[in-house]
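The exercises below concern a ligand site and a group of paired strands. Try each task with the sequence and the structure at hand before reading the solution.

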Amino acid sequence: MKSNYDVIVVGAGPAGSIAARTAARAGLDVLLIEKRQEIGDPVRCAEGTGKEGLAKFIETDPAWICAEVKSARIYSPDGSFVDLNEEAAGKEVGYVLERKIFDRALAKDAAKAGAEVQVKTQATGLIIENGKVCGIKGKHRGDDFEARAKIVVGADGIESKVGRWAGINTALKLKDIETCAEFLMTDIDIEPTRCDFFMGNEIAPGGYVWIFPKGKREANVGLGMLGSRFTGKHPIEYLHEFVEKNFPEGKILETIVGAVPASGMLKKLSTDGLVLVGDAGHVSDPITGGGIYNGMMSGKIAGDVIVEAIKAGDVSAAKLSKYDRDVKAELGKSLERNYMAKEAVIKASDETMNKVARSLNGVDFENMSVPGLIKVILSRNPGLFVELAGLF
Ligand SMILES: Cc1cc2nc3c(=O)[nH]c(=O)nc-3n(C[C@H](O)[C@H](O)[C@H](O)COP(=O)(O)OP(=O)(O)OC[C@H]3O[C@@H](n4cnc5c(N)ncnc54)[C@H](O)[C@@H]3O)c2cc1C
């Protein structure tokens, strides 16, 4: 490892790898570090993402696709359900990935573009001089090191410390954290081309259960609930209950716990010599918890702004604030809308959810967007208008 780079990216998830790849492709000297010994493992994700979004960043490779999803079904607490086709289901379905392979493929792309990749290498602090971020302190395979860079990219996920070290307020309120548990299950009866979602305050307070197929009889079965709805019963306990009821014969191959920001993006994503991407910048979708696409998009935007800033010889907060503006222009509207939708949905009683699901009986969802769906819900349930009016 050298002691000087143009860019150091902390964290080799989708957001970090895309930022590193973008900067390296433009000829910058890039170091991408990952604290784990294997990129992409362990997976903390249900691995669902949209095809169109993915295609913007990487050529599809069957090696990292487990299932192609054609539709989604949303169950309300009484078992009524709404079926959505692929288009209406939005950007969270399309493919169920094998992220162990996918994340590695993205990092490999960054390496191919010229980035140096180091695993088992953890950032433990920042070098800050005259209020400007100038590099990182870290541990590389157990040994302390320091490396300088013109710009540091914090791509260190939900557990991000990089932003905090730089003085950015990254605190998440309990009501804005979706805490999750997930099993990779086999030997279960599922619809292999459909993602299922189960709503209900009894099964997942302030969240939902998901079943994302990974094969004919295999799926990620998981649950997210809002931190503010925690009453002593953990997500994994809710998940065990769901699985015992619905898949008593199923076998659990992997258990995952994790969290995802449901807050909308940070007010400030950059400062002198530093930008935050992906979950570190809270760009994940507040209502679905999906962060793969948004993470990659923020990584790409960051890469482009970094190239421009370094070429101009100006890595000041003022110059890098273009990154904040560009991310806002690209993702801000949907994050704001979905944050408001989340705030409305978490207040809904089971009875309201049942009513909404029943009212959608017979609706043709062909080519209907999520905002279109919300409009239909409102027209059939005028009583909900006050709660959801902010969405428009
Ligand atoms: C249970 C669960 C299910 C989910 N399901 C979906 C889904 O179906 N679809 C979807 O789109 N999103 C889903 N998400 C969200 C998605 O996983 C994240 O939004 C996405 O991984 C964010 O990418 P990222 O690159 O920002 O961060 P991450 O993928 O978290 O990568 C951050 C990386 O940084 C590394 N790191 C952290 N600190 C340091 C350090 N100090 N030094 C070096 N390396 C460091 C970490 O080890 C990690 O590899 C889910 C999340 C959870 C928890």
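**Exercise 1: a group of strands**

In this predicted model, S14 and S15 form a hairpin with two residues between them.

Task: Determine in which sense S14 and S15 pair, and over how many bridges, and then find the strand that pairs with S15 over nine bridges.

Solution: Finally, consider the cover of strand S15 (residues 218-226), of whose nine residues eight are buried, where buried stands for a relative accessible area under 20%.

**Exercise 2: the ligand site**

Task: Describe which residues surround the ligand, and state what part of its exposed area the protein buries.

Solution: Start with the shell, in which 33 residues surround the ligand, the closest being Glu34, Ala46, Gly48, Arg99 and Asp279. By class, these shell residues divide into 13 nonpolar, 11 polar and nine charged. Then examine the polar backbone atoms: one of alanine 46 lies 2.8 Å from a nitrogen atom of the ligand, one of lysine 35 lies 3.1 Å from a ligand nitrogen, and one of glutamate 47 lies 3.2 Å from a ligand oxygen. Taken alone, the ligand exposes 1000 Å², of which the protein buries 93%. The elements that give two or more residues to the shell are helix H1 (14-25) and strands S9 (121-129), S14 (208-215) and S16 (251-261).

Terms used. Residues numbered from 1 in each chain as written. Predicted model: local features only at pLDDT ≥ 70, side-chain atom pairs only at ≥ 80, totals over all residues. Heavy atoms only, no water. Near = heavy atom within 4 Å. Polar contact = N/O pair within 3.5 Å; in protein donor to acceptor, adjacent residues only side chain to side chain. Areas by Shrake-Rupley, 256 points an atom, 1.4 Å probe, with all protein chains shown as cover. Helix = DSSP H or I, 4+ residues; strand = E, 2+ residues; numbered from the N terminus. Nonpolar A, V, L, I, M, F, W, Y, C, P; charged D, E, K, R; others polar. Buried < 20%, exposed > 50% of the residue type's maximum accessible area, 1.4 Å probe, protein only. Pairing = 2+ DSSP bridges.
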